[in-house]
Amino acid sequence: MTQWVYTFGDGKAEGQAGMRDLLGGKGANLAEMSNLGLPVPPGFTISTEVCTYYYAHGETYPSDLVTQVENALTHVGKLTGKVFGDNTNPLLVSVRSGARASMPGMMDTVLNLGLNDVTVEALAKGANDERFAYDSYRRFIQMYSNVVLDVDHHHFEDALEEYKERKGVSLDTDLDAADWKKLIGQYKAIVKEAIGKDFPQDPKEQLWGAIGAVFGSWMNARAKKYRELHNIPASWGTAVNVQAMVFGNLGETSATGVAFTRNPSTGEKELYGEFLVNAQGEDVVAGIRTPQDITEKARIAAGSNRPSLEKVMPDAFKEFLCICGLLEKHYRDVQDVEFTIERGKLWMLQTRNGKRTAKAALKIAVELAAEGLITQDEAVGRIDPASLDQLLHPTIDPKADRKIIASGLPASPGAAAGEIVFDSDEAEAAKAAGKKVILVRVETSPEDIHGMHAAEGILTTRGGMTSHAAVVARGMGKPCVSGAGMLRVDYAAQTMTAGGVTLKKGDFITVDGTTGQVLQGAVKMLEPELSGEFATLMGWADSVRRMKVRANAETPLDARTARGFGAEGIGLCRTEHMFFEGDRIIAMREMILADDENGRRLALAKLLPMQRADFVELFTIMSGLPVTIRLLDPPLHEFLPHTDEEIAEVATAMNASPAKLKARAAELHEFNPMLGFRGCRLAVAYPEIAEMQARAIFEAAVAAAKATGKAVIPEVMVPLVMTKPELDLVKGRIDAMAEAVKKETGAQFDYQVGTMIELPRAALRAAEIAEAAEFFSFGTNDLTQTTLGISRDDAASFLGPYTAKGILPSDPFVTIDQDGVGELVKLAAERGRATRKDIKLGICGEHGGDPASIAFCEKTALDYVSCSPYRVPIARLAAAQSALGVKAASTA
């Protein structure tokens, strides 16, 4: 018989931490805490295999599941001394989801399950607190109705707010038992009107309804969106955790809270969290009441006059502090914990590895290694390479004029500016239109995930440091200011008002998630500086990394930025980008309009000193590091004007005939320019273009070597080669220019000539092409287009459905298609090496900065990856992790 249900509690459990695939993260950790002897309310976990079964069998359960659940309920009842469904001594439970990957706020929770019109009286009598019992019942009706019966929660919130307004009170805690009884009557009426029947009174019906709702929520829209953003497979499923209730709303000696064992924003080694006296868990993150600090140090730093947990409940605090230390050492990582104190007794409800900012992750990883809890290699493996993006974005210039209109909590560090939007759908639409926006909400919910992802930053008027907005923003690396209570948002009028200033949708604001400030207008930013823990960890990464990391750069700014981020050379200098400005574009157009070779050479002679100066600067900045320069690649028509107005304007500037210009543009027009007259085909037809560029490269190499004292070994790359004869012809002209420059300057220098592999035929004929090419650089942008037959510029309209339906595992222009494009890369690498043992192999498409693609490059034993300057740190770390992964696999 398959075991579907696993119990835990009273110092033992049927599961443990290593069973997270089966029990989900929450269930596995509850079992582990139980095994550690920590105070965990007893309960049981329904495994993820039931979720898989549920969706594979028409949303039905295994036949023996009911019996196993009933046996587990009996077991929990024995441990608590209560009976589920009993009218006089009822066992109440919570029902929570728990996938193997943490999905905060994504799945639905029900508390106080088992309450009905009869058991609520038993709860009141047992607790000797009628107000508490009816408060718990009304919470249960609201949660259950929303999660299971699909009644919108705002109906209940509206009823509660109207009731408090009539009574003249502002806080839920101002209401007594009689008030809750009246509201419960209203809540039940709301349910009956919405679903056409009474709120369920049978505890067993309630339980199976909640279990079904958790499994059902695995496929709801917000869960799907979260999985899509975090690459979590739908096949993993979720577990269901049923746990005996403990109550933080049993008066002034009870409380509930959440905490991190270290600061998740900064990484400081200090307890970080919030709690509320006389409250249940959802109150802390809902932002309805302002939470209190856990430690005195945090309270003083926040300038709060509300007492800390350390002061209010010192005994529970000491035990909690001890448990936090134990958990961090046991899991060897920062823990995010939830707890409840019931009449002075501490209960641990959850622990999981805490989500943190990239800045905090670096500090924590380095310090955990220094403390001996993890190794340096483990520290390198702890950082998500993509998360380094958080460190590579601008912050507000301290010298900038700050017109502060509001302040809130610094929920997620960094700064962002953009137009105000009040709706998540609008944020997503604006992003698609190329606009930068700040999402402004009273509070966010899981339904706002897509808008938060689209926005540059998030601003909320409610919520604490552990609110939905704060946790999700930190995970996304988005700046966030939460709990800006002085801000008034009017959704109907589409305005926000603060500090006497009213701003409307479309106005610009800046949010500073590091200070919690909200600024009017778009404020000047500063580029980031990377040092301290970043430098330490990247040093560890570089010590284990095998592949080199270069940058795609053709401007001095790009080259300097790349060097600053640790690039070990330039893997792609796109020379065409150097021809689009000022006198250069004029000379380029003169060359295109020339009637013969002599005319073209005259125009190219004007471009030569410009190209040479560009290359001198790049070689000087890179100071002896390799620089791969791609010869002119795009079709010539891209340099010409297209509309009659533009043609007339350019003709006047060039003192040329508009008719001739128009005729030449028409002559060069192509139906499919990506596969047209471009790349090496230009050099075959017009070898003088390649000659000018080669001369500029070699003359610059000589000049830069003299200036820096370091030998420059340029790598000249011929694009879009499909046959060896093409490369032979162009290489002949390059070699001739090298000999001419050596003779003219008297200088000796080394250089390499290679090609971009960006056509399937080139990959297939790599052995032959390697006879002439000294290096291959895989241009995977075009290789993906030509292999898959997909235009990168037109793919957005259908790639979404392709990935959503599992036809493609991911966007092939973001992560390399290993089965198709990757197979060609591996084949070309093998055949190239068979011909030329020491051939240098690299990748220079957008995939060079994608961690998953970098892992593929490591397996294929490429020599380097090349990516945009701001992705260089990401590539360095990903390459190190890939090397460690390969080492681990080879020694397994």
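Arg-462 and Glu-443 form a salt bridge, with their closest N and O atoms 3.3 Å apart, where a salt bridge is a side-chain nitrogen of Lys or Arg within 4 Å of a carboxyl oxygen of Asp or Glu. The pair links distant parts of the chain, 19 residues apart, with Arg-462 in the loop between strand S17 (457-460) and helix H18 (468-476) and Glu-443 in the loop between strand S16 (437-441) and helix H17 (449-454); helices (H or I, at least four residues) and strands (E, at least two) are DSSP runs numbered from the N terminus.

This is a predicted model, in which local features need pLDDT of at least 70 and side-chain atom pairs count only at pLDDT 80 or more, while totals for chains, interfaces and linings use all residues. Residues are numbered from 1 along each chain as its sequence is written, and side-chain values use heavy atoms, with hydrogens and water left out.

By this rule the count comes to 63 salt bridges, including the following pairs.

| Salt bridge | N to O distance |
|---|---|
| Lys-504 and Asp-507 | 3.5 Å |
| Glu-568 and Arg-545 | 2.8 Å |

Relative accessible area (1.4 Å probe, protein chains only) is called buried under 20%, exposed over 50% and partly exposed in between. Arg-462 is partly exposed at 40%, as is Glu-443 at 32%, whereas Arg-545 is buried at 13%.

The largest nonpolar core has 130 residues, and those with the most contacts inside it include Phe-619 and Phe-776; such a core is a set of buried Ala, Val, Leu, Ile, Met, Phe, Trp, Tyr and Cys residues joined through side-chain atoms within 4.5 Å. Its largest share, 11 residues, comes from helix H26 (residues 687-708).
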